[in-house]
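Let's take a friendly walk through this protein together. Have a look at the structure below, and then we can go through some of its parts.

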Amino acid sequence: MTASSGTYVVARRLCATLLCNAVIVSSLAAQSGGGAWVSLPGSVRAAGLGGAGAALVGDAAAVFSNPAGIATIRHLAVEGGYAHVSDGSAVASGALALRAGRLSWGFGAAARDTAGALVRATDLLGLSSLVFRTSLFALGTSVKYVRETLAGTTVDAWAGDVGVAIAVFDLMAFGVGVQNIGGDLGGGARLTRRTRAGLTMNYVDPQGAYRLLTTLEGQWPSGGAGAALLVAGVEGGVVTRGVGIVGRLGYTGHSLATDPAPFSWGAGVELGRLHLDYAYRASGRGGGNSTHRFGMRWSP
């Protein structure tokens with residue numbers, strides 16, 4: 001082999017190596033920029049309504065969508081949920097909210113087990129919220145920590161959420177929130193910033209025998225993480241002496257080709273201050289995963 005041919009072989013191998021490294025780095029960057037599981041609805045009730053949660057106030061899991069949403073709880077609210085995804089992964093979440101006068105404090109945590117994936121790992125999310133309320137207006141903020149495993153490497157990130165909510169008795173609520181501010185602070189993970197604005201309307205007195213509620217929400221992800229999308233949901237049912245059943249239907253606009261089906265549905269059993277919820281969203285034509293969700297809400 002001549003010197004020139006040897007140099008050519010070395011150069012070709014070097015180019016191939018650099019190309020492979022570029023592909024791997026780009027893949028990791030795309031994965032770390034997604035954090036898609038973090039944006040999953042923390043509330044099973046919200047999941048049945050298409051994922052709209054910016055203006056869904058009064059539940060502990062509101063901390064996952066808009067921290068100001070916990071301002072309307074009476075004294076204490078507890079919530080837990082479990083989701084099984086068709087790709088073999090599972091997500092468990094829990095939330096707690098306490099109110100003392102004008103201040104409310106909330107805590108939320110979620111864990112995703114990717115046992116069905118090629119690399120088994122457990123991703124974690126934890127956040128803490130503080131909310132101040134005066135009259136109809138509430139302002140809240142959250143500090144969030146996320147740890148993920150990407151291609152066998154553990155990465156993490158810190159971020160913050162801010163939100164406002166205006167609740168007009170039990171009739172109407174308006175909420176705006178910005179999630180994952182500073183989402184690239186930490187060790188390699190990157191959370192996409194998302195702005196959400198929603199309006200929820202009760203058409204009948206929720207203290208009566210009937211339920212009829214609609215919610216409408218716009219979401220705007222930043223950094224080219226997808227197009228703006230519209231989320232809409234309706235909830236209705238009958239509750240007598242604190243016992244009854246409600247049904248839910250939601251629509252979520254598509255942002256990516258791999259998103260699940262646009263429609264979701266769910267139901268809830270009302271047992272006084274205890275609520276048992278279920279939600280389902282089918283897989284989409286582009287290959288999105290179907291998800292079954294089960295949850296419990298309690299407000300003593």
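## Strand 8 and its neighbours

In this predicted model, Ala173 stands opposite Thr200 in strand 8. Strand 7 pairs with strand 8 in the antiparallel sense, over eight bridges. Strand 9 pairs with strand 8 too, again in the antiparallel sense, with nine bridges. There, Asn202 has Leu213 of strand 9 as its bridge partner.

In a regular strand, side chains alternate between the two faces of the sheet. Which residues of strand 8 point to the buried face? They are Arg194, Arg196, Gly198, Thr200 and Asn202.

Among the elements that give two or more residues to the lining are strand 7 (172-185), strand 8 (194-202) and strand 9 (210-221). Strand 1 gives the most, with four residues.

What classes of residue make up the lining? It has 20 nonpolar, 10 polar and 11 charged residues.

## The largest nonpolar core

Now for the largest nonpolar core, which has 26 residues. Val63, Phe64, Ile70, Ala95, Ala97, Leu125 and Leu191 have the most contacts inside it. Strand 2 (90-100), strand 4 (122-134), strand 5 (137-150) and strand 6 (153-168) each supply at least two residues of the core. Strand 6 provides the largest share, four residues.

Key. Residues numbered from 1 in each chain as written. Predicted model: local features only at pLDDT ≥ 70, side-chain atom pairs only at ≥ 80, totals over all residues. Heavy atoms only, no water. Nonpolar A, V, L, I, M, F, W, Y, C, P; charged D, E, K, R; others polar. Core = buried A, V, L, I, M, F, W, Y, C linked by side-chain atoms within 4.5 Å. Buried < 20%, exposed > 50% of the residue type's maximum accessible area, 1.4 Å probe, protein only. Pairing = 2+ DSSP bridges.
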